[in-house]
Amino acid sequence: MPLPRLLTLIIGLTLILGLMIWLIDSLSRLSWQLTYYPLLGPILIFLITVLIGVLIGAFVYYFFWLPRQSKKRRRPVPTVSPVKSEAAEENLKAVRRQLKQIQDEVVRQELLSRSREIEQNLARGEIRVVVFGTGSSGKTSVANALIGRMVGKVEAPMGTTEVGETYRLPLKGVDREILITDTPGILEAGAGGSDREKLARRWASEADLLVFVLDNDLRQSEYDPLKLLAEIGKRSILVLNKADQFPEEDLEAILARLRERVRGVIPSGDVMAIAANPQPIRLVTGETVQMDQEIMPLIRRMAEILRSEGDDLLADNILLQSQRLGEDARDLIDEQRRKQADKIVDRFQWIGAGVVAVTPLPVVDLLATAAVHAQMVVEIGKVYGCEINLERGRELAFSLAKTLVSLGVVRGTIELISRALQLSVGGFLVGRAVQGVSAAYLTRIAGKSFIEYFRQNQDWGDGGITEVVQRQFQLNRRDEFIKSFVQDAIANVIRPLQLDAQLDDEPQPLELDATEDLKKQPFEETVDDWR
């Protein structure tokens, strides 16, 4: 019992005994007077009895019942930094608004679950410490040593810990609940090892404090994830386990190299050696001696960090998790929009091809294509939540058409399509078929460029429209894409033209040389005429 409560108990008992002696003495002296007042005696005795009962009840409540209730009551959870917690809450509200736009129900529910988990972590205020490292470094031994009892499989084959096992760790002087999680090892072989490594990396990225366990000098494959975690703001302690297996001179040399290698990533004071599960040593006499466990350096350092930085680590991590959730939601929405916009481009490229293929006059060709591009811009803008009118769509289409001509993309497209069609259909094509397929290809480049424009909030970026168009032209001229595109072009452009010729009973062999035909109708001149 605390000293102040003990002193109060002694004083209270003394006071009660004194009052009882005084009352007994007073009653004995007044008893002869009460005979003259028959009703006063019982009333007075009743009141005195009630008073004594109240005093005894208060005494019992204060010294016996109240302490038990205090023990049952959970300790108050310290508040997280109001600024960072409010920022995290605002991020979560923004994420929920974003999630309404996600069409995939499974993905949306998964992100909602993550947002609720972040909210719960914010409310509980628990500090998560994750033990991370390769499968052979002794992570489970370190986790067991930290919680003070040997649980799980120790010294088991590589890859024993398949899921994150979590335990509570009490640390003196740290008000918050501390959760220790032992993760699967990284750098394990096989498909199963790769899946477990992904799980371990996810646990590590969600930790408030990392204990990165090594069993020797730091390898590059271990340094890379350690540095990556530090770059996203993770606080880490680097632990060289199995220190009992090294001579003292070698141990100091390894620690010096470790501190040098992680300079700028982990403070030198957070690099230490421990022996979580020391092995027995056989002496010259044949006697076996069990070495003492060396885990206290790690426990002391953890306690120091969590006492001084625990609140900030928790607040920073909650804010980081909410921001990453928002980024994931934005990426999913962007991918969803991209797929919808790609479908629009695929549709309009064959519309443009059909329009050009059936209109032999060059000026009409370009005007028709520009109209197709303008409508395509309007529909892509709607996908990205940008309501633009048809007039603005024409302006954008005309600006991009000039860029296509100035960069030589039109000429390059015609040459590329001519060669591809000749190789695919053995030279059976006419000039307007080349123009139609080329128009489809140019519409595709234009559409892809407009997608980038709207993805960047109606901005062409630092390199301007020129860089965007050049990049899309390079991406869409790869052999594997051209092969697939030409197959679609034959189905959507060449065969309809052949069918039209057969219906007109004017079968014409597709023997015209595409290059000669293009000389008669140069694409670049049509843009100049329109301009």
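Here are some notes on this predicted model, point by point.

1. **Ground rules.** This is a predicted model, in which local features need pLDDT of at least 70 and side-chain atom pairs count only at pLDDT 80 or more, while totals for chains, interfaces and linings use all residues. Residues are numbered from 1 along each chain as its sequence is written, and side-chain values use heavy atoms, with hydrogens and water left out.

2. **The overall picture.** The protein has 17 helices and 8 strands. Here helices (H or I, at least four residues) and strands (E, at least two) are DSSP runs, numbered from the N terminus. Of the 531 residues, 43% count as buried. Buried means under 20% relative accessible area, exposed means over 50%, and partly exposed is in between (1.4 Å probe, protein chains only). Now for contacts, meaning heavy atoms within 4.5 Å: among those between residues at least 6 apart in sequence, 75% join residues at least 24 apart.

3. **The sheet.** Find the open sheet of 6 strands, in the order β2-β3-β1-β4-β5-β6, with mixed pairing. Two strands pair if DSSP finds at least two bridges between them. Why do β2 and β6 count as edges? Each has a single partner strand, so one side of each is left without a neighbour in the sheet. From one strand to the next, the twist averages 25°. Helix α7 (residues 220-231) packs on the sheet and touches β1, β4 (209-214) and β5 (235-240); its direction makes about 170° with that of β4. For such angles, axes are lines fitted to C-alpha atoms, for helices over the stretch in contact, and values run from 0 to 180 degrees between N-to-C directions.

4. **Strand β3 and its neighbours.** As background, strands of a sheet pair through backbone hydrogen bonds, either parallel or antiparallel. β3 (residues 178-182) has one partner of each sort: β1 (residues 127-133) pairs with β3 in the parallel sense over 5 bridges, while β2 (residues 165-168) pairs with β3 in the antiparallel sense over 4 bridges. To line things up on screen, look for V129 opposite I180, R128 with its bridge partner L179, and E165 with its bridge partner D182. Is β3 covered on one face or both? Both: I178, I180 and D182 on one side and L179 and T181 on the other are all buried.

5. **Strand β5.** In a regular strand the side chains alternate between the two faces of the sheet. In β5, R235, I237 and V239 point one way and S236, L238 and L240 the other way, and all are buried. β4 and β5 run parallel and are joined by 6 bridges, with L214 standing opposite L240.

6. **Two helices side by side.** Helix α4 (residues 105-124) and α9 pack at an angle of about 170°, with their axes 10 Å apart. That makes α4 roughly antiparallel to α9; the cut-offs are under 35 degrees for roughly parallel, over 145 for roughly antiparallel, 65 to 115 for roughly perpendicular and oblique for the rest. Among the residues making the contact are V107, L111 and R114 of α4 and L325, D328 and L332 of α9. Also in α9 is D316, which is partly exposed because its relative accessibility is 36%. The C-alpha atoms of D316 and G233 are separated by 8.1 Å, although these residues are 83 apart along the chain.

7. **The cores.** A nonpolar core is a set of buried Ala, Val, Leu, Ile, Met, Phe, Trp, Tyr and Cys residues joined through side-chain atoms within 4.5 Å. The largest has 51 residues, of which I380, Y441 and F450 touch the most other members. α13 gives the most to this core, with 12 residues. Apart from it lies another core, of 30 residues, among them I178, V211, L298 and A303. Back to F450: leaving aside neighbours within four places in sequence, its contacts include M376, I380, L400 and W460.

8. **A buried asparagine.** Last stop: N476, in the loop between α14 (464-475) and α15 (479-503). N476 counts as buried because its relative accessible area is 5%. The side chains of N476 and R444 are joined by a polar contact of 3.0 Å. A polar contact is a pair of N or O atoms within 3.5 Å; within protein, one must be able to donate a hydrogen and the other to accept it, and residues adjacent in sequence count only if both atoms are side-chain atoms. Leaving aside neighbours within four places in sequence, N476 is in contact with Y441, R444, K448, F481 and I482.
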